[in-house]
Amino acid sequence: MGSIPFGLIIGRVVARKDVRDHGSGNIGASNVARVIGKMWGRITLLLDAGKGAFVVLAVQGCEFSDEHVAWVGVAAVVGHCWSIFLRFRGGKGVATSAGVMAVLAPVAATIAVVAWLVAYMATKKSSVASLFGATLMLILVGMYFRPLLMAMSAIFAVLLFRHRENIKRIYAGVEIDSKL
């Protein structure tokens with residue numbers, strides 16, 4: 001489920017474009033917004049978050065511990081970042097991570113999303129906002145949801161790794177604005 005590349009699908013269906021050939025070359029919401037429009041970027045964001053939430057909800061009904069359910073969420077994020085449908089390439093995992101955490105720790109996820117919004121409004125850079133929200137989410141999980149900490153740490157590590165080029169551009173002062 002995590003490997004479904006909604007941004008690529010939307011780009012092809014709506015605009016007959018491969019979003020990977022434009023903008024940042026990413027399949028995520030920010031690039032979809034940049035390439036084919038804000039509304040489609042937002043729809044991509046909701047679908048990517050939805051797939052993260054869906055997989056967690058699907059296994060929560062089984063008799064697994066919260067920790068095991070969280071690792072299913074990690075698998076969805078990894079699937080998004082290294083999609084089996086895209087020769088193990090994909091997005092950065094932020095929206096899918098948000099969907100996972102919205103189910104596992106809804107209060108902490110809400111706080112992190114609000115922090116993302118504030119950081120985005122202040123900087124107009126989705127990457128900065130994403131890293132800020134993910135960092136806050138990790139801190140909140142560490143403080144209040146300890147059983148989820150290992151899985152959230154894995155998600156955080158994936159997000160940092162996937163944003164490594166953005167981090168270099170942030171430090172160099174050349175990171176581009178987002179169009180979300």
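In these legends, partly exposed means a relative accessible area between the under 20% of a buried residue and the over 50% of an exposed one. The model shown is a predicted one.

**View 1. Trp82 and Phe161 make a tilted aromatic pair.**
By the definition above, Trp82 is partly exposed, because its relative accessible area is 26%. Phe161 also falls in the partly exposed class, at 42%. The two ring centres are 6.2 Å apart, with 35 degrees between the planes. Trp82 comes from the loop between α4 (66–81) and α5 (94–104), while Phe161 belongs to helix α8 (residues 149–162), so this pair ties together parts that are 79 residues apart in sequence.

Trp116 and Tyr120 are both buried.

**View 2. The largest nonpolar core holds 31 residues.**
Met101, Leu104, Met137 and Ile155 have the most contacts inside this core. At least two core residues come from each of α3 (38–60), α4, α5, α6, α7 (126–144) and α8. The biggest giver is α8, with 7 residues. Zoom in on Met137 and, leaving aside neighbours within four places in sequence, you'll find it in contact with Met101, Ala105, Ala108, Ala109, Ala112 and Met152. Another core lies apart from the largest one; it has 8 residues, including Ile10, Val19, Ile27 and Leu86.

**View 3. Asp18 makes polar contacts with two arginines.**
You'll find Asp18 in the loop between α1 (6–15) and α2 (29–36). Is Asp18 buried or exposed? Asp18 counts as buried, because its relative accessibility is 15% and the cut-off for buried is under 20%. Its side chain makes a polar contact of 2.7 Å with the side chain of Arg20, and another of 3.4 Å with that of Arg12. With neighbours within four places in sequence set aside, Asp18 is in contact with Leu8 and Arg12. From Asp18 to Gly7, 11 residues away in sequence, the C-alpha to C-alpha distance is 9.1 Å.

Key. Residues numbered from 1 in each chain as written. Predicted model: local features only at pLDDT ≥ 70, side-chain atom pairs only at ≥ 80, totals over all residues. Heavy atoms only, no water. Phe/Tyr/Trp six-rings, centres within 6.5 Å; stacked < 30°, edge-to-face > 60°. Helix = DSSP H or I, 4+ residues; strand = E, 2+ residues; numbered from the N terminus. Buried < 20%, exposed > 50% of the residue type's maximum accessible area, 1.4 Å probe, protein only. Core = buried A, V, L, I, M, F, W, Y, C linked by side-chain atoms within 4.5 Å. Contact = heavy atoms within 4.5 Å. Polar contact = N/O pair within 3.5 Å; in protein donor to acceptor, adjacent residues only side chain to side chain.
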